[in-house]
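Please keep the sequence and the structure in view while reading.

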Amino acid sequence: MNALDRLKPQKLTVLGSTGSIGTNTLDVVARHPDRFQVFALTGASQVDLMLQQCVQFKPQVVVMAHAQAARSLQDKVHAQGLDVQVRTGAQALEDVASHPEVDAVMAAIVGAAGLAPCLAAARSGKRLLLANKEALVVGGEVFLSAVKRGGATLLPIDSEHSAIFQSLPEDPHTWDSRVEKIILTASGGPFRTRDVKTLKDVTPEEACAHPNWVMGRKISVDSATMMNKALEVIEARYLFGLPPERIDVVIHPQSVIHSMVQYRDASVVAQLGTPDMRGPIAYGLSWPERIASGAQALDFHTLSAMTFEALNDHGHPERFAGLRLAWDALRGPSGTTAILNAANEVAVAAFLDRRIRFDQIHHLNVACIDQLQPSPPHDLMDLLALDAQARVTAETLVQKFALP
């Protein structure tokens with residue numbers, strides 16, 4: 001990037017702008033109007049929130065997942081006199097992710113629905129800020145190949161993966177030789193010390209009450225089952241290229257140390273910060289520079305004690321049974337991680353709809369993996385077909401497990 005380019009604001013597409021990551025991204029963007037300009041925003045159905053974002057950030061294009069929401073937004077945008085093109089559909093998502101005017105794409109669409117626009121951004125060589133785990137969990141080698149062929153810059157936004165990225169050597173070619181292992185920290189979720197015999201009685205409201213982070217319902221349930229950490233292990237495997245046996249997880253309830261890297265000489269480099277997603281978002285937006293994020297700085301004079309626990313504390317494997325599926329899936333045939341992701345999305349949705357119990361989420365995931373033997377996926381169509389097959393199988397299992 002030359003000096004003239006650095007003076008120009010980065011043009012951004014925010015995929016999933018009405019979600020938690022999206023709104024935090026726009027909070028950071030609003031603090032630096034000279035550095036960032038919003039080109040496109042996308043959302044699902046929150047019309048009023050999207051209208052507020054249109055008024056504040058004046059994007060050229062908005063994409064709504066649902067046609068009715070798009071029509072409603074179009075009427076409201078017109079009434080406000082805003083010059084915004086409102087679109088809907090999968091192709092529109094890919095278009096705003098790969099548009100020639102766009103410099104960077106924040107990928108924050110939850111679930112496999114975000115895979116296609118992520119691939120489009122990768123193929124187009126964008127600066128891709130990856131908050132969507134599924135791009136790597138589902139996409140795997142297909143996604144990494146698109147990043148390489150397109151010349152995209154891939155920057156992790158998950159707090160744990162951003163922490164690892166910040167703690168690794170600058171030269172990726174030295175990671176394998178200099179790094180012993182990477183250590184993901186996990187809060188342990190809301191049921192870290194709960195009697196495992198009562199987990200079958202967990203309600204959706206209890207599962208969504210995370211002790212440290214304010215997140216969406218699906219990711220909150222994943223944190224409660226530790227499936228969120230399982231997906232992060234898989235994502236770390238693809239992001240950083242280390243074999244699964246060199247990826248570790250430790251329970252750190254305070255969520256102050258976001259993750260660590262242990263080097264060959266046994267030294268450990270860690271990244272610390274308050275549990276505020278604006279920190280890793282600001283780092284991704286400005287990398288390799290650093291800008292103000294709005295997050296509160298740690299006050300070491302008042303910081304409470306930091307504690308760590310092994311996964312077998314408080315009753316593993318029953319409590320965190322879902323976590324070990326990460327290593328099982330990585331050892332399985334190519335495509336197994338995509339099956340795990342799809343099964344879990346169906347299982348979590350069924351739990352939130354009170355169709356299955358909390359403890360049955362794990363059993364459904366295991367059963368779905370056991371029933372399917374995937375062929376290696378080679379492109380987006382293969383990935384989507386595998387995802388669809390896994391969802392059908394998982395939904396059949398939901399019917400089998402369904403509560404009376």
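## Packing of H16 and H17

Helix H16 (residues 336-352) and helix H17 (residues 360-371) pack with their axes 9 Å apart, at an angle of about 145°. The crossing of these two helices, H16 and H17, is right-handed. On the side of H16, the contact is formed by Thr336, Ile339, Leu340, Ala343, Asn344, Ala347, Val348 and Phe351. H17 contributes Ile361, Leu364, Asn365, Cys368 and Ile369. Sorted by class, the contact of H16 with H17 holds 10 nonpolar residues and 3 polar ones, and no charged residues.

The model is predicted, and the values in this report are computed from it. Two packed helices are described by the angle between their axes and the distance between the axes.

## Val348 in helix H16

One of the residues in the contact with H17 is Val348, which lies in H16. Is Val348 buried or exposed? Its relative accessibility is 1%, and because buried means under 20%, Val348 counts as buried.

Apart from neighbours within four places in sequence, Val348 is in contact with Lys218, Val221, Asp222 and Ile361. Of these, Ile361 is among the residues through which H17 meets H16. The C-alpha atoms of Val348 and Phe358 are 8.3 Å from each other, and the two residues are 10 apart along the chain.

## The chain as a whole

The protein chain contains 18 helices and 11 strands. Its radius of gyration is 21 Å, close to the 22 Å given by the globule rule for 404 residues, so the chain is as compact as a globular protein of that length. Taken along the principal axes, the C-alpha atoms of the protein chain fill a box of roughly 55 × 55 × 45 Å.

Among contacts between residues at least 6 apart in sequence, 70% join residues at least 24 apart.

Definitions and conventions:
Residues numbered from 1 in each chain as written. Predicted model: local features only at pLDDT ≥ 70, side-chain atom pairs only at ≥ 80, totals over all residues. Heavy atoms only, no water. Helix = DSSP H or I, 4+ residues; strand = E, 2+ residues; numbered from the N terminus. Buried < 20%, exposed > 50% of the residue type's maximum accessible area, 1.4 Å probe, protein only. Contact = heavy atoms within 4.5 Å. Axes fitted to C-alpha atoms, helices over the stretch in contact; angles between N-to-C directions. Left-handed = near helix turned anticlockwise from the far one by under 90°. Nonpolar A, V, L, I, M, F, W, Y, C, P; charged D, E, K, R; others polar. Rg over C-alpha atoms; globule rule 2.2 N^0.38 Å.
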